[in-house]
Amino acid sequence: MTPTYAAARWAARIDRAVERVGHAASWLSLVIVVLMAVNVLLRYAFSVGSVWSQELEWHLLAPLVLAGMTYALQQGEHVRVDVFYAKYSARGKAAIDLLAGVLAVAIAVLVIRYSLAYVNQSYAINEISSDPGGLTHRWLLKALIPLGFTFFGLQAAAQCVGAAWRLTNSPSR
Amino acid sequence: MSPQEWLAIGLLVGFFLMLMAGVPVGITLAASGFVFGFLGFGETLFNLLPARIYGVVANYQWLAIPLFVFMGVMLEKSRLAEDLLDVIGHLAGGLRGGMALGIIGVGVLMGATTGIVGATVITLGLLTLPTLLRRGYDPAITCGAICASGTLGQIIPPSLVLILLSDITQQSVGTLFAAAVLPGLMLAALYCVYIVIYGWVRPNAMPPLPQAERDALPRAELWLRVLKVALPPLALVLAVLGSIIGGVAAPTEAASMGALGSILVVAVARRLSLAVLRDVMRTTTRISAMVLFILICAQVFSLAFRGLQGERLIEDLFAFLPGGVSAEIWFLMALIFVLGFFLEWIEISYIAVPLFLPIFNAAGVDPVWLAMLITVNLQTSFLTPPFGWALFFLRGVAPPQITTRHIYVGIVPFVALQVLGVVLVFYFPVIATWLPKAIGW
């Protein structure tokens with residue numbers, strides 16, 4: 001097994017995992033819709049409500065976004081200015097993709113680096129919601145930031161492998 | 001100039017070069033922010049970063065984004081637009097350009113329900129362009145009308161642009177939603193006037209439905225169809241906007257009711273299935289995460305830009321301008337218009353607008369009015385070649401006999417109408433400020 005082949009297999013495996021996690025996370029959008037609508041209806045119709053169920057609404061946004069941004073990366077959804085990009089040769093596109101991938105890995109590493117201390121601090125003081133009746137274990141929510149960016153960095157690395165392969169294996173014109 | 005100011009300029013130039021080369025927007029923002037932040041300050045600057053990211057992803061207000069996206073994507077599946085257009089064509093009777101007016105009407109309604117420009121242009125293009133061409137409409141004006149009314153979604157509330165601008169300008173979402181109603185309708189009215197005049201000057205460009213076909217549908221049945229087709233989306237719009245503007249529900253809550261309502265509308269139309277639901281959830285996740293990822297990355301950029309005192313740089317730039325606040329507003333408008341040729345609304349609203357906002361705040365400019373000028377102006381960024389998204393979207397779904405030239409030629413008068421819209425809002429601020437004041441925001 002050559003190193004190139006191993007890298008390609010590894011990249012494909014990450015790609016599949018990301019897609020699966022993205023599909024799973026997409027259910028959160030429906031959960032948010034239903035949870036919020038139920039909260040609103042209960043409050044207006046029966047004046048029933050709880051702090052924790054309202055806090056849960058935005059607690060679900062974080063996993064949706066932090067898993068979704070990697071899923072969006074895998075699906076090529078992130079917007080770019082493509083007026084020149086669209087005219088590049090296959091190699092040119094691969095070069096820009098490689099640059100974007102390397103930058104994305106670097107960004108992920110930096111965000112993880114800074115956010116670990118932030119999560120630790122929240123864990124150390126056992127941070128909870130400032131509202132009575134709110135959710136506890138705030139550090140778990142905050143831990144989604146380094147976790148989400150780890151995932152993002154892995155997918156970006158996988159796409160670097162793909163871009164590098166295209167860069168070396170496609171005709172220059 | 002101080003070394004820091006040079007770095008701030010380097011930040012802007014580096015950002016712009018990477019953006020033009022085709023690196024995705026979010027990555028460009030974060031990468032240029034990190035590089036120049038480190039050069040200027042080293043590590044300390046970014047200790048604040050995790051708290052800022054947390055402020056984006058655990059934010060009650062941003063919940064409105066997945067909810068409104070969900071509602072829009074879901075409604076797209078109900079094929080409302082197709083039925084609406086047909087009914088409006090019949091309603092317009094012998095009037096030339098009746099179906100083109102129908103496109104504008106559908107654009108307004110879809111804008112009021114979805115607020116997603118891409119979805120509206122694609123839907124309108126797929127559903128209406130073949131029909132209108134078959135009916136003998138001129139390709140250029142049809143393309144222009146589709147692109148222009150498809151982009152109305154970004155100004156007619158609820159819209160993602162307004163939600164982002166409310167954050168940038170520190171206004172409540174409800175205020176901006178209320179303020180945008182009249183300017184949005186004004187633009188739609190300008191389009192309609194233009195189409196009616198055009199149909200009058202060039203009768204062959206927009207023939208009405210044939211008499212025989214109109215006679216085949218009795219009046220009573222037509223009105224019944226109008227009721228059946230227009231009622232669900234209208235009810236949804238009224239429920240969502242009414243509860244926001246009337247102050248019954250916060251925008252985010254109203255969005256959740258709209259999203260739930262959209263599921264009901266699609267279910268009533270017998271088009272709800274597990275496959276549709278899955279598709280809607282996945283699209284919602286991708287679009288929402290894409291927008292919020294840009295917001296996350298914008299935090300890095302803004303930390304670096306603020307840290308490097310880029311704001312003072314912009315103030316110095318403005319000090320060169322003669323003519324006081326009015327001239328400064330026009331400078332910003334011209335800048336947004338020109339940037340609109342190259343950048344999209346997300347980039348403009350998160351880069352250009354925050355740079356200039358402190359100056360206008362200090363000068364006491366009404367932020368709601370300014371936000372409306374920006375919004376009307378931003379709409380041109382969807383339409384101006386070479387980077388108008390609306391044009392790409394339409395190009396992607398147009399039948400082969402439509403050339404890029406048709407689209408470019410068709411869009412010119414509508415861009416001119418939008419510039420007219422900016423001028424009107426500038427000289428008559430009441431268009432933007434009356435409704436929010438009247439309902440007491």
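This is a predicted model: local features need pLDDT of at least 70, side-chain atom pairs count only at pLDDT 80 or more; totals for chains, interfaces and linings use all residues.
I begin with the interface of chain B and chain A. Across this interface there are six residue pairs in polar contact, with both partners at pLDDT 80 or more. The side of chain B that touches chain A draws at least two residues from each of several helices, among them helix 1 (3–21), helix 2 (25–41), helix 13 (251–268) and helix 14 (274–307) of chain B. Helix 14 of chain B gives the largest share of that side, with 14 residues. Sorted by class, the side of chain B that touches chain A holds 48 nonpolar, seven polar and five charged residues.

How many residues of each chain take part? In contact with one another are 60 residues of chain B and 53 residues of chain A. Between them, the two chains bury about 5,200 Å², and 78% of that area lies on carbon and sulfur atoms.

Which side chains form a salt bridge here? The rule finds one salt bridge across the interface of chain B and chain A. A salt bridge joins the side chains of E253(B) and R43(A), with an N to O distance of 2.5 Å.

I come next to the cysteines. A disulfide is a covalent bond between the sulfur atoms of two cysteines. Over all chains, a search of the whole structure finds zero disulfides. C160(A), for instance, is in no disulfide, and its nearest cysteine sulfur, that of C297(B), is 15 Å away. C160(A) counts as buried, because its relative accessibility is 12% and the cut-off for buried is under 20%.

The cut-off for a disulfide is 2.5 Å between the sulfur atoms.

Finally, I would draw your attention to a tryptophan, W434(B), which lies in helix 21 (residues 430–438) of chain B. W434(B) and L182(B) are 252 residues apart along the chain, yet 8.8 Å separates their C-alpha atoms.

Key
Residues are numbered from 1 along each chain as its sequence is written. Chains are lettered from A and ligands numbered from 1 in the order in which they are written. Side-chain values use heavy atoms; hydrogens and water are left out. Contact means heavy atoms within 4.5 Å. Buried area is the accessible area (1.4 Å probe) that two parts lose on being put together, summed over both. A salt bridge is a side-chain nitrogen of Lys or Arg within 4 Å of a carboxyl oxygen of Asp or Glu. A polar contact is a pair of N or O atoms within 3.5 Å; within protein, one must be able to donate a hydrogen and the other to accept it, and residues adjacent in sequence count only if both atoms are side-chain atoms. Helices (H or I, at least four residues) and strands (E, at least two) are DSSP runs, numbered from the N terminus. Ala, Val, Leu, Ile, Met, Phe, Trp, Tyr, Cys and Pro count as nonpolar, Asp, Glu, Lys and Arg as charged, and the others, Gly among them, as polar. Buried means under 20% relative accessible area, exposed over 50%, partly exposed in between (1.4 Å probe, protein chains only).
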